[in-house]
2 protein chains.
Amino acid sequence: MSKHLTKRSDNYSKWYNELVVKAGLAENSAVRGCMVIKPYGYAIWEKMQQQLDIMFKETGHENAYFPLLVPKHLFEAEEKNAEGFAKECAVVTHYRLKSDDNDKTKLVVDPEAKLEEELVVRPTSEAIIWNTYKNWIQSYRDLPIKINQWANVMRWEMRTRLFLRTAEFLWQEGHTAHETKEEAVEEAILMNNVYAQFAEEYMAMPVIKGKKSESERFAGAEETFCIEALMQDGKALQAGTSHFLGQNFAKAFEVKYANKEGKLDYVWATSWGVSTRLMGALIMSHSDDNGLVLPPKLAPFQVVIVPIYRNQEQFNLVSDKAKTIQKDLQANGITVKFDDRDTHKPGWKFAEYEMKGVPLRIAIGPKDIEKGTVELARRDTLTKSFVSADDVSGTVIQTLEDIQKNLYTKAHNFTTNHTKFIDSYADFKAYIENEGGFAECFWDGSAETEELIKKETKATIRCIISEDDLEGKKCMYSNNPAKAKVLYAKAY
Amino acid sequence: MSKHLTKRSDNYSKWYNELVVKAGLAENSAVRGCMVIKPYGYAIWEKMQQQLDIMFKETGHENAYFPLLVPKHLFEAEEKNAEGFAKECAVVTHYRLKSDDNDKTKLVVDPEAKLEEELVVRPTSEAIIWNTYKNWIQSYRDLPIKINQWANVMRWEMRTRLFLRTAEFLWQEGHTAHETKEEAVEEAILMNNVYAQFAEEYMAMPVIKGKKSESERFAGAEETFCIEALMQDGKALQAGTSHFLGQNFAKAFEVKYANKEGKLDYVWATSWGVSTRLMGALIMSHSDDNGLVLPPKLAPFQVVIVPIYRNQEQFNLVSDKAKTIQKDLQANGITVKFDDRDTHKPGWKFAEYEMKGVPLRIAIGPKDIEKGTVELARRDTLTKSFVSADDVSGTVIQTLEDIQKNLYTKAHNFTTNHTKFIDSYADFKAYIENEGGFAECFWDGSAETEELIKKETKATIRCIISEDDLEGKKCMYSNNPAKAKVLYAKAY
């Protein structure tokens, strides 16, 4: 199976597309740009959801659910937001089909069931949520509101790729309302930090935290904080964003609160989200030419046990041992699959679980029973070792921790090795074109410079890293005084 | 707060509507027929989801995700299914908005972004899923497929009510594919049993299991199994359905598998689902004129601690004790909220948690500290008792179990007392009109009888209870030989 996977060095993009399908993560559907998330892929997403949900609740958020469809007049209320998403909105215009007069087996849209006002399939939910918050907020006693929603959203993207850019995707969107600007900014930064912590501790994916330049901000935001990760092809991937929305939505929907002195003021807002795009980031961060590589903390099962046998007697022997080990591992909180199917050979299974990125594989054969050992194979390093069958759990626990750390370290080293400070535009162009990676550069803060660099190199400002210590620093491109140190890269 | 709730005996329907809003469960949104599920309501739904998800996985199912939108030609492939849902489909016809030439602040649908083929917002996912399974199934080795999806769906209902009937709702839909008819029927029955077990053990809601008459079947099913529960107003509520779909979808989408002998045959299917409608069933099963009553197993928090104090010194004393008790309860796996807000008086809090149906309330005041007691108030019986502060956990654990059992027993007695065997149509009409409840009757099996009874009494066949021991039995309505014993009731 693995031999059919294109090599990263030959065609990185093809490698990714094949991997997603061959590892059983997702596939394209009959609906343009929409994917089917297959059970194995969905199980990883569920692990992500569970952990993020815990972190959201620990930081004081509650879940709720708001409508899928947004009436057009609400959608257009916050002008910048509307402008930003109008071009990619799926629009519901009718609420009924009827059978076709010319062919009774076919259905047509019933022209008599035209909606008076069109409904937009949410590309994001600020509009419908702020229209709801309006009724929930009267005084400071009603604040803060800290709500998260797990939902599907739709953006009619022209060029789509599984997980990375799909017309429909799954995500969570937090929407909070606060008394003061400070509190809202703090919330936006806090949630960006939560995303960074999740990426690093669970996905084993190092990220750079920063904020977006104006042109890259979320439509309707005053400030967008983000985490950016570097993929193995040297391109950046925006993995999560957290927006300080100022009073823009409060003003668009007339959401005011009475403070302790009874004075009315507009409410301050944030929103923040991560999506199934994280799946793409996870896949590209660690996987290799043999298939998927998963960090143990997000693997649907961390260990797979494959029995080796030639006859029923051997199978019984090996199977008994395998089940004992499985139970012991499970008692230690480790997720284990025992693949005792007789429809597939061990070699086929090895290739299958390598493709699926199972962190540890245990093989047990008659010889192992004799010697009191099992064979342990690590997916990350592709190394094998024999360990005593008496203390498999201890070794497995330790090895899973090692794998989690090793994946992070590897990705971290990669990111560090592919991040360069560059102060000459000639070097920059060569670097972006030939090497790829993050370039740390000084920027004059002008949209014009940003736009010209994008045009000439396809690299964009991924985030502003710092606005301090700029004394005497010059923009790499214009040579004008620097307003910020930024991170450039080509991006997904 | 509670005094504003309409009494059930005055207007049951109004009581329900007010309760849903006042307990903070859900509210209507700006989108016709679509609700906002508020944090407290969503927390209950999450508890339901978590338990159901465990039960689905224990019975061998995996989760996955399929597209929201269904191309019209796929939707119409299974004729009966298409016919059943065509009249209530939201249809996406365009994929872009543009600014209005007459008023740049407004958006209009861009006529140039008309889709070649309309997309239906899924009212259920058989079509898109079977079109996908087609590519997954070649041989018996690929079977069974046992997948569940947690998703939102949309049915353009004309008359909507929070949770009970909404245009958009949240649900889970299981879709399985099998080699044989027997296996598929077994699966459909198994999942109906899982629903019944969930309803009884977790929702404390007794249900009647049975199967639907032909006219009440799911569009496209050969057989629909269901669970029916009786609400306090004597009306039935269909709480879950599980369908044996025969080979209908396999034929519509040409899904064949090669059996062990290499012979091709169509695949057998089931689908099964429960939705946020269960929230309505839960609310109506146990709540009273003071508000919501929740079974401990599904309560977002099972215990609330309210401190009673007149000054800071008393607050500190009471608060210390409360926190000790909270920790102890949490260590015993009990969810506890300590409401130490100084913005609201104890009396207000008591009314609030009564309305929200928190199973147990603990009040602690200075006198309790002196006496070494706390006050325990049960939501289900509205009784209070003083218990030793030294063994709150023991008492609470026992009392929560008692409440869970008591709610089930109460609901079970209610259902039993409102279920009557009736063999005279005159008695039946009087019973349905004056008393309300389940009527067990013999039925001649004809759609005509069913239809006439529905027309004359508004009662429908909720389910077929039995098709055995019919020797000499006559249909209550037609006096023709009975084909089944059925359960009639007016229904939600």
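I began with A:Val92, which stands opposite B:Val92 in β5(B). Strands β5 (residues 91–94) of chain A and β5 (residues 91–94) of chain B run antiparallel, joined by 3 bridges. I count two strands as paired if DSSP finds at least two bridges between them. Strands (E, at least two residues) and helices (H or I, at least four) are DSSP runs, numbered from the N terminus.

The model is predicted: local features need pLDDT of at least 70, side-chain atom pairs count only at pLDDT 80 or more, and totals for chains, interfaces and linings use all residues. Residues are numbered from 1 along each chain as its sequence is written, while chains are lettered from A and ligands numbered from 1 in the order in which they are written.

Next I looked up the contacts between the chains. I found 55 residues of chain A in contact with 55 residues of chain B (C-beta atoms, placed from the backbone, within 7 Å).

Then I followed β20 (residues 373–378) of chain A. It pairs antiparallel with β19 (residues 360–364) of chain A through 4 bridges. There A:Glu375 is the bridge partner of A:Ala363. β20(A) also pairs with β21 (residues 384–388) of chain A, antiparallel, over 5 bridges. A:Thr373 has A:Ser388 as its bridge partner. In this hairpin 5 residues lie between the strands, and A:Leu382 takes a positive phi near 60°.

Last, I checked helix α5 (residues 126–136) of chain B. I found 8 of its 11 residues buried (20 or more other C-beta atoms, placed from the backbone, within 10 Å of the residue's own). B:Trp130 and B:Tyr133 are among them.

Technical notes
A residue is buried if 20 or more other C-beta atoms lie within 10 Å of its own, exposed if 12 or fewer, and partly exposed in between; C-beta atoms are placed from the backbone. Two residues are in contact if their C-beta atoms, placed from the backbone, lie within 7 Å.
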